[in-house]
Amino acid sequence: MENYKETRPWGTFENLLDTDYCKVKQIVIKPGQAPSYQYHFKRSEIWTIVVGSGGELKLDGDVTKVTTGQIIHVPFEAKHQIKNSTDEDLIFIEVQMGEYFGEDDIVRLEDKYGRT
């Protein structure tokens with residue numbers, strides 16, 4: 001499902017590439033927003049921050065700042081969340097690798113939009 005774009009409460013994601021071996025998305029996090037604190041059983045992810053500095057990454061409970069150009073590895077089953085704590089969009093490219101890339105491989109632990 002290449003070039004499929006979906007709006008979520010926190011921003012948008014667009015599928016740029018969808019194959020049997022990987023999926024690539026552009027993810028836009030709106031100011032003050034954050035997807036759920038979550039993990040996946042069937043995929044790992046690599047994120048490259050392409051626009052925005054000052055966001056916050058929560059990875060297995062540890063919180064760090066993110067900056068443009070940073071590359072983040074999210075291993076299988078690692079709990080993760082990114083928050084945009086700035087007043088501009090935070091944009092990153094996500095490369096998913098593993099055996100399955102469906103949206104139903106999301107286990108939400110915390111979610112301010114009531115989706116847990």
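User: How far apart are the mean positions of the positive and negative charges of the protein?

Analyst: Lys and Arg count as positive and Asp and Glu as negative, while His and the chain ends are not counted. Each charge is placed at NZ of Lys, CZ of Arg, CG of Asp or CD of Glu. In this predicted model, the 14 positive and 20 negative charges have mean positions 5 Å apart. Residues are numbered from 1 along each chain as its sequence is written, and side-chain values use heavy atoms, with hydrogens and water left out. Local features need pLDDT of at least 70 and side-chain atom pairs count only at pLDDT 80 or more, whereas totals for chains, interfaces and linings use all residues.

User: How many helices and strands does the protein have?

Analyst: Helices (H or I, at least four residues) and strands (E, at least two) are DSSP runs, numbered from the N terminus. The protein has 0 helices and 11 strands, in the order β-β-β-β-β-β-β-β-β-β-β along the sequence. Its radius of gyration is 13 Å, close to the 13 Å that the globule rule gives for 116 residues, so the protein is as compact as a globular protein of that length. That radius is taken over C-alpha atoms, and the rule is 2.2 Å times the number of residues to the power 0.38. The C-alpha atoms fill a box of roughly 35 × 25 × 25 Å along the principal axes.

User: What share of the residues counts as buried?

Analyst: Buried means under 20% relative accessible area, exposed over 50%, and partly exposed in between (1.4 Å probe, protein chains only). Of the 116 residues, 42% count as buried.

User: Which residues of the largest nonpolar core touch the most other members?

Analyst: In soluble globular proteins, nonpolar side chains tend to be buried together. A nonpolar core is a set of buried Ala, Val, Leu, Ile, Met, Phe, Trp, Tyr and Cys residues joined through side-chain atoms within 4.5 Å. Of the 14 residues in the largest one, Ile29, Trp47, Ile49, Ile72, Ile82 and Phe92 touch the most other members. Strands E3 (22-29), E5 (43-51), E8 (71-74) and E10 (90-98) each supply at least two residues of this core.

User: With which residues is Ile72 in contact, leaving aside its neighbours within four places in sequence?

Analyst: Contact means heavy atoms within 4.5 Å. Leaving those neighbours aside, Ile72 contacts Glu45, Ile46, Trp47, Ile49, Leu57 and Val66. Across the protein, among contacts between residues at least 6 apart in sequence, 65% join residues at least 24 apart.

User: Is Gly55 buried or exposed?

Analyst: Gly55, in strand E6 (residues 55-59), is buried, with a relative accessible area of 1%. Beyond its neighbours within four places in sequence, Gly55 contacts residues including Thr64, Val66, Ser85 and Leu90. Gly11 belongs to strand E2 (residues 11-18) and is buried as well, at 4%. Outside the four-place sequence neighbourhood, Gly11 is in contact with Glu6, Val28 and Lys30.

User: What is phi of Glu77, and where does Asp60 lie?

Analyst: Most residues other than glycine have a negative phi. Phi of Glu77 is near 65°, a positive value; this residue lies in the loop between E8 and strand E9 (80-83) and is partly exposed at 45% relative accessibility. Asp60 lies in the loop between E6 and strand E7 (62-66). Its phi is also positive, about 50°, and Asp60 counts as partly exposed at 46%.
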